[in-house]
Amino acid sequence: MTNLTPSDESYTHQLVAPAAVTVHADPAWAERCYHLLHVGDGVILHAGRALYPHAGSRTGFAGATNGEVQHVLRAAEPFTMGEDPDRPTVGPLRIEAVRPLEEIRLVLDQSASALSFDLTFRARFPPVPTTPIRIEQEGRVVTEYMNLFQSGLYSGTIVIDGDEHQVTDRAGFRDRGWGLRKHEGAPRRGLVVACFCELPDSALYLLLYETASGRRVFTNGWLIDEHGAVDTVAAAEHDLRWDGTLLTGGTLLVDLASGEIGRAHV
């Protein structure tokens, strides 16, 4: 039996069970967040943190590249049932929902590495929930997971190897997901395309999963603006060029449910 925790004082129960109970009591069950920002001039930053309650761990990471050098930091700490699952820190990294679904603060302590930052993400559009993904193998559920995607404006400071980059209202992406997922890392077979296009007055987000034979098994996407999801992706095709394992270019052709067609060059 799962013990009661301080979260059981919250009036948000969804099951006739303690708040710490999850649908799948599996070490791979996790709560995650992921932030991605193209700063400009070849600088890209991403960061995230995760909680694995059944595995008893918290993890966090941050990485940045200027096109020539990449800096990556990873942190991990133990987690015990009964601790605050919403504690925003993992080692020197803090990712905190200051105003849920509206404002997120991201801080990496300057003494941690050659990379540090102090950024605020403020939502520019409402979040959009993905279609839950459920995968069974030989009668066993190996993945049951969903996300919310959200476009926002990042402001703050990033320091890489002593070079300071100021960011003011730069459009970027965030992802918040939860559930059971056992397909971490680069796919051994098939193709996953995740496309997050930040446009002046809208955003186009797209997910594609294909088998090694090229058969499409999952397509999910939206055109999003200040009103939320105003259109959905009905179909998508790609013509991508690779140099070994690296993507060198190509196009994505997207058909929206409204009949509009969009083309993205990568």
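How many salt bridges does a search of the whole structure find? The search finds 13 salt bridges. The model is a predicted one, and the values below are computed from it. Three of these pairs are set out in the table.

| Pair | Closest N and O atoms |
|---|---|
| Arg-140 and Asp-26 | 3.8 Å |
| Glu-83 and Arg-58 | 3.5 Å |
| Arg-122 and Glu-103 | 3.9 Å |

**Arg-140 and Asp-26**

Arg-140 forms a salt bridge with Asp-26. Because Arg-140 belongs to strand β11 (residues 140–160) and Asp-26 to the segment before β1 (29–40), this pair ties together parts that are 114 residues apart in sequence. Arg-140 has 44% relative accessibility and counts as partly exposed. Asp-26, at 13% relative accessibility, counts as buried.

**Glu-83 and Arg-58**

The salt bridge between Glu-83 and Arg-58 also links distant parts of the chain, 25 residues apart: Glu-83 is in the loop between β4 (70–78) and β5 (89–90), and Arg-58 is in strand β3 (residues 57–65). Glu-83 counts as partly exposed, with 32% relative accessibility, whereas Arg-58 is buried, with a relative accessible area of 2%.

**Arg-122 and Glu-103**

Arg-122 forms a salt bridge with Glu-103. The two residues are 19 positions apart, Arg-122 in strand β8 (residues 115–123) and Glu-103 in strand β7 (residues 103–108). Arg-122 is partly exposed at 40% relative accessibility, while Glu-103 is buried, with a relative accessible area of 14%. Salt bridges with shared partners join Arg-122 and Glu-103 with Arg-99 and Glu-102 in one network.

**The chain as a whole**

The secondary structure of the chain consists of 18 strands and zero helices. The radius of gyration is 19 Å, close to the 18 Å that the globule rule gives for 266 residues, so the chain is as compact as a globular protein of that length. The C-alpha trace spans about 50 × 50 × 40 Å along its principal axes.

Of the 266 residues in the chain, 41% are buried. Among contacts with a separation of 6 or more, 46% are between residues 24 or more positions apart. The accessible surface comes to about 15000 Å², and carbon and sulfur atoms account for 51% of this surface. The chain carries 23 positive and 35 negative side chains, and the centres of these two sets lie 5 Å apart.

Definitions and conventions:
Residues are numbered from 1 along each chain as its sequence is written. This is a predicted model: local features need pLDDT of at least 70, side-chain atom pairs count only at pLDDT 80 or more; totals for chains, interfaces and linings use all residues. Side-chain values use heavy atoms; hydrogens and water are left out. Helices (H or I, at least four residues) and strands (E, at least two) are DSSP runs, numbered from the N terminus. The radius of gyration is taken over C-alpha atoms; the globule rule is 2.2 Å times the number of residues to the power 0.38. Buried means under 20% relative accessible area, exposed over 50%, partly exposed in between (1.4 Å probe, protein chains only). Contact means heavy atoms within 4.5 Å. Accessible areas come from the Shrake-Rupley method with a 1.4 Å probe; for residues, only the protein chains shown count as cover. Lys and Arg count as positive and Asp and Glu as negative; His and the chain ends are not counted. The place of a charge is taken as NZ of Lys, CZ of Arg, CG of Asp or CD of Glu. A salt bridge is a side-chain nitrogen of Lys or Arg within 4 Å of a carboxyl oxygen of Asp or Glu.
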